[in-house]
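Here is a short briefing to keep beside the sequence and the 3D view.

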Amino acid sequence: MRFKFAALLAIAMLLLFAACAQKQETEEVVREVEKEVPVNLWETAEKIRSGEIDVGEEYGMELGKRWHNIHAEVLGLKCSYCHISGYADDFLYQRRYKLPVRDAPGVVDRAICLGCHKQNGPARELYMNAGVEGAVNP
Amino acid sequence: MVRYGLVIDLAKCIGCRSCVAACKVENMVQPGNHWNFVLEYEQGKYPSVRRIFVPMNCQHCENPPCMKACPAKAISKNEYGVVLIDYEKCRGYRYCIAACPYGVIHFIDEEKTLYPNGEKTPYEALPAEARHPLHRKKPGVAEKCTLCWHRIEKALEEGKKPGSDYDSSPACVPVCPAGARYFGDLDDPSSEVSKLIASRRAIQLKKEYGTRPQVYYLV
């Protein structure tokens with residue numbers, strides 16, 4: 001009985017620790033962006049949403065369209081901030097030495113996006129917070 | 001509620017790419033694009049090295065970031081938990097490709113045929129109206145795995161249980177010679193997929209994104 005309780009407590013603490021680590025990681029990414037970008041992310045995102053900052057009407061990934069207007073022009077992110085030279089040691093996602101998709105114009109680690117596009121983040125929510133119980137695999 | 005998903009046993013997968021070939025043929029995926037592909041990596045150090053194969057396809061997330069990112073609202077999740085792209089609504093903005101943390105959405109930039117001389121195969125020569133809406137792909141749209149929704153839909157119409165036989169399962173499942181792929185209702189505790197998830201160590205990829213994938217990997 002005592003052993004079971006101790007094991008459950010250990011698992012709960014592990015899950016809590018993992019969730020905290022994840023939160024810290026995304027906060028670090030936002031801090032890094034803030035360091036890189038000389039604007040207030042929350043304020044800028046709001047101005048883009050309200051139309052106060054003009055990012056163009058045309059959607060698309062090409063230079064000159066909204067995507068790069070927002071990230072490169074308004075936020076001032078350098079190309080190398082998103083287009084990294086290679087994946088981290090993350091074998092379950094992509095082969096590190098060969099891109100299986102031809103659409104990726106260079107490697108972009110979505111962890112960069114997660115920093116701002118997380119739940120309750122400054123940018124449009126794309127990713128949900130996994131929560132304590134869902135943050136790690138068993 | 002029904003929530004269809006896949007379970008892939010990595011211990012059984014031998015990396016033969018039968019699933020990749022079956023998907024290509026079934027869905028007429030054009031050269032260069034892959035709705036289904038196999039990642040591989042090595043584990044360990046010589047001489048104790050092991051090769052691991054990880055078949056990848058759309059994870060049919062419960063919280064699909066591609067759906068949220070699409071400015072044209074062309075991506076939807078149906079009542080059976082399958083994430084689908086409407087080719088009529090898709091404007092080719094490619095936001096979905098950028099938002100997907102799994103790299104499984106592809107863009108059709110030009111029409112390519114499976115025959116190397118540019119000639120169309122009999123199926124490719126079919127007019128769009130003669131095909132299932134999910135096979136009416138055209139240049140300038142994004143495409144991805146549909147979990148062979150055209151097969152599931154047909155099975156449901158015929159009153160069959162999806163996954164019960166060859167024709168009512170996604171094409172990649174019954175062709176696997178190692179029997180590493182399982183398809184079924186994740187919300188039904190008596191289904192094979194639910195039992196496997198409950199009894200084995202099942203992981204979902206990129207859980208930190210909160211996407212809640214409906215593809216599980218047994219490790």
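pLDDT is the predictor's confidence in each residue, on a scale from 0 to 100. It applies here since this is a predicted model. Chain A has an average pLDDT of 72, and 54% of its residues score at least 70.

**Confidence along chain A**

- Helix H3 (residues 66-74) of chain A has the highest confidence in the chain, at a mean of 91, while helix H6 (residues 131-134) of chain A has the lowest, at 50.
- Residues 90-97 of chain A have a pLDDT below 50, and this stretch makes 14 contacts in the model beyond near neighbours in sequence.
- Residues 100-105 of chain A also fall below 50, again with 14 contacts in the model beyond near neighbours in sequence.
- Where pLDDT is low, predicted coordinates should not be read in detail.

- Chain A splits into domain 1, covering 41-77, and domain 2, covering 78-130.
- Where the two domains of chain A meet, four residues of domain 1 contact six residues of domain 2.
- On the domain 1 side of that contact in chain A, four residues are nonpolar, with no polar and no charged ones.
- Helix H5 (residues 110-117) of chain A is mostly covered, with six of its eight residues buried.
- The buried residues of H5(A) are Arg110(A), Cys113(A), Leu114(A), Gly115(A), Cys116(A) and His117(A).

**The four-stranded sheet of chain B**

- In chain B, four strands form an open sheet with mixed pairing, in the order E8-E1-E10-E9.
- E8 and strand E9 (202-203) of chain B sit at the edges with a single partner strand each, so one side of each has no neighbour in the sheet.
- Strand E1 (residues 4-9) of chain B is largely enclosed by the rest of the structure, because five of its six residues are buried.
- On one side, E1(B) pairs with strand E8 (residues 181-185) of chain B in the antiparallel sense, over five bridges.
- Two of the partners in E8(B) can be picked out by residue: Tyr4(B) has Asp185(B) as its bridge partner, and Ile8(B) stands opposite Arg181(B).
- E1(B) also runs parallel to strand E10 (residues 215-218) of chain B, joined to it by four bridges.
- Ile8(B) is placed opposite Tyr217(B) in E10(B), as well as opposite Arg181(B) in E8(B).

**The nonpolar core**

- The largest nonpolar core has 62 residues, and the members touching the most others are Cys66(B), Ala69(B), Cys96(B), Ala99(B), Cys100(B) and Ala142(B).
- Helix H3 (residues 95-99) of chain B gives the most to this core, with five residues.

**An exposed loop residue for contrast**

- Where does Pro139(B) lie? Pro139(B) belongs to the loop between strand E6 (106-107) and strand E7 (142-143) of chain B.
- Is Pro139(B) buried or exposed? A residue counts as exposed with 12 or fewer C-beta neighbours within 10 Å, and Pro139(B) has 12 inside 10 Å, so it is exposed.
- Leaving out residues up to four places away in sequence, Pro139(B) touches Ile108(B), Asp109(B), Glu110(B) and Glu111(B).
- Pro139(B) is 39 residues from Cys100(B) in sequence, and their C-alpha atoms are 20 Å apart in space.

Note on methods: Residues numbered from 1 in each chain as written. Chains lettered and ligands numbered in written order. Predicted model: local features only at pLDDT ≥ 70, side-chain atom pairs only at ≥ 80, totals over all residues. Domains from an automatic or database assignment. Contact = placed C-beta atoms within 7 Å. Nonpolar A, V, L, I, M, F, W, Y, C, P; charged D, E, K, R; others polar. Buried ≥ 20, exposed ≤ 12 C-beta atoms within 10 Å, placed from the backbone. Pairing = 2+ DSSP bridges. Core = buried A, V, L, I, M, F, W, Y, C linked by C-beta atoms within 7 Å.
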